[in-house]
Amino acid sequence: MKKILVTGASGYVGARIYLDLQKKHEVVGTYFNSDFNDNLVKIDITDLDSVRLVFKAHNPDFIVHVAAFPVSPQNDDQKKLMKELNYKGVDNIVKVSNEIGAKVVFVSSAIALTDSSSSANDIYGQSKAYGERECKKIVAGSLIVRPHTVFGYSPNMTNDRSFNRILKNIFLKTPAIYDTSWKFEPTYIGHISAVIDKYILGDIKTNVMNVAMDILKSKYDLGFDILSNFGIEVTPVDDKRAWAVTELDLTDFYKLNLPIKNYDEMISAMVKEINQIGNNYPKEMN
Ligand SMILES: NC(=O)c1ccc[n+]([C@@H]2O[C@H](COP(=O)([O-])OP(=O)(O)OC[C@H]3O[C@@H](n4cnc5c(N)ncnc54)[C@H](OP(=O)(O)O)[C@@H]3O)[C@@H](O)[C@H]2O)c1
């Protein structure tokens, strides 16, 4: 059994990866502020001593690095935090992973691919591209996992993410108003864990894996296709978003032949996951 350490296991993406990998592997998850799962270990990725202490105490075979500043910063304080997490944080992870000889999976983002001359290439995209470059230097080996906008159930149902907004529409009856202007290839969250599992098992030989469905959809499309199963009306709005449309090369991903093979199956899987939440939707949100 391989030992895995997942950073950011308290966040939206990391909590689902932590949940899924535990079914097959010995997994340690880390948090920073929000210890919503008692089993998580505290780490500060911006502090080299903290990273060393935790990594050396658990000595994992694989680090799955998910912790990050995960959106475009909106003010100077957020810009500063993004630099700390997405540059210094990555440097610390790379350094200590090499010290303990661990392989690294870096959860990047499609935004890392945005052309640097494009106005859509904001500093968040540049920071994810930096993380990719640095993680390729891991001596034991590394995999860059590149999702687009992620949808699907995570034990973290409260962070403000696209799928969690859809849960709010259902469980808190917030109005469902979604943009029609920007299209992207949606990523199913369970596919991220499945790809990481295959890498751990030695079944992935490439060092980059784009993970998404080969179809362009808007947030309105996703909202409509999920919420219509719950009898919820969705209002379209044209936010006139001039964001870049990044189409990922998904050849290697489709070759993995994972369960949930197309957009319709992804929607059905998510509807099933929502039905299973039932009374477990967080009470403090009500
Ligand atoms: N969500 C998406 O649609 C999407 C799409 C593409 C790529 N991604 C990538 O997926 C990753 C996770 O995104 P997310 O949406 O899950 O974000 P998130 O919910 O905000 O999670 C961020 C995680 O980082 C941790 N963290 C923050 N500061 C830290 C520090 N100083 N030391 C250690 N950990 C720290 C947080 O811990 P606490 O909460 O405990 O403080 C949390 O677990 C990011 O790398 C992002 O680029 C996400």
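This is a predicted model: local features need pLDDT of at least 70, side-chain atom pairs count only at pLDDT 80 or more; totals for chains, interfaces and linings use all residues.
Q: Why is Val-27 called buried?
A: Val-27 has 22 other C-beta atoms within 10 Å, and buried means 20 or more (12 or fewer is exposed, and in between is partly exposed; C-beta atoms are placed from the backbone). So Val-27 passes as buried. Leaving out residues up to four places away in sequence, Val-27 touches Ile-4, Val-6, Tyr-18, Leu-21 and Gln-22. Ile-4 is 23 residues away in sequence, yet its C-alpha lies 4.8 Å from that of Val-27. Over the whole chain, 44% of the 286 residues count as buried.

Q: How do you know whether Met-209 is buried or exposed?
A: Count again: 24 other C-beta atoms lie within 10 Å of Met-209, so it is buried. Met-209 belongs to strand β11 (residues 208–211). Its contacts, not counting residues up to four places away in sequence, are Leu-143, Val-145, Arg-146, Val-195, Ile-204, Asp-252 and Phe-253. Leu-250 is 41 residues along the chain from Met-209, with 8.0 Å between the C-alpha atoms.

Q: What does the span of helix α4 look like against the expected one?
A: Helix α4 (residues 123–135) reaches 18 Å from first C-alpha to last, close to the 18 Å expected for its 13 residues. The expected span is 1.5 Å times one less than the number of residues.

Q: Which residues of α4 are buried, and where do they sit around the axis?
A: The buried ones are Tyr-124, Gly-125, Ser-127, Lys-128, Gly-131 and Cys-135. They cover an arc of only 160 degrees around the axis, so they are on the same side of α4. That arc is taken from the directions from the helix axis to the C-beta atoms. These buried residues pack against α3 (76–100), β5 (103–107) and β6 (142–147).

Q: Why can the buried residues of α5 be said to line one face?
A: In helix α5 (residues 162–171), Phe-163, Ile-166, Leu-167 and Asn-169 are buried. Seen down the axis, they fall within an arc of 155 degrees, so they line one face of the helix. Their cover includes β7 (150–151), α7 and α9 (263–277). Just after α5, Lys-173 takes a positive phi of about 55 degrees.

Q: Why is Phe-230 called partly exposed?
A: Phe-230 has 14 C-beta neighbours inside 10 Å, so it counts as partly exposed. It sits in the loop between α7 (219–227) and β13 (235–237). Ala-140 is 90 residues from Phe-230 in sequence and 47 Å away in space, C-alpha to C-alpha.

Q: What makes Lys-240 and Asn-257 exposed?
A: Lys-240 has 9 C-beta neighbours inside 10 Å, so it is exposed. Asn-257 has 7 other C-beta atoms within 10 Å, so that residue is exposed too. Lys-240 lies in the loop between β13 and α8 (251–255), whereas Asn-257 is in the loop between α8 and α9. Phi is positive in a residue other than glycine at Lys-240, near 50 degrees, and at Asn-257, near 55 degrees.

Q: What makes a residue part of the shell around the ligand, and which come nearest?
A: Its C-beta atom, placed from the backbone, must lie within 6 Å of the molecule. There are 28 such residues, and Gly-8, Gly-11, Phe-32, Asn-33 and Ala-68 come nearest. Helix α1 (residues 12–21) gives the largest share, 3 residues.

Q: How is that shell split by class?
A: It has 14 nonpolar, 11 polar and 3 charged residues. Nonpolar covers Ala, Val, Leu, Ile, Met, Phe, Trp, Tyr, Cys and Pro; charged covers Asp, Glu, Lys and Arg; the others, Gly among them, are polar.

Terms used:
Residues are numbered from 1 along each chain as its sequence is written. Helices (H or I, at least four residues) and strands (E, at least two) are DSSP runs, numbered from the N terminus. Two residues are in contact if their C-beta atoms, placed from the backbone, lie within 7 Å.
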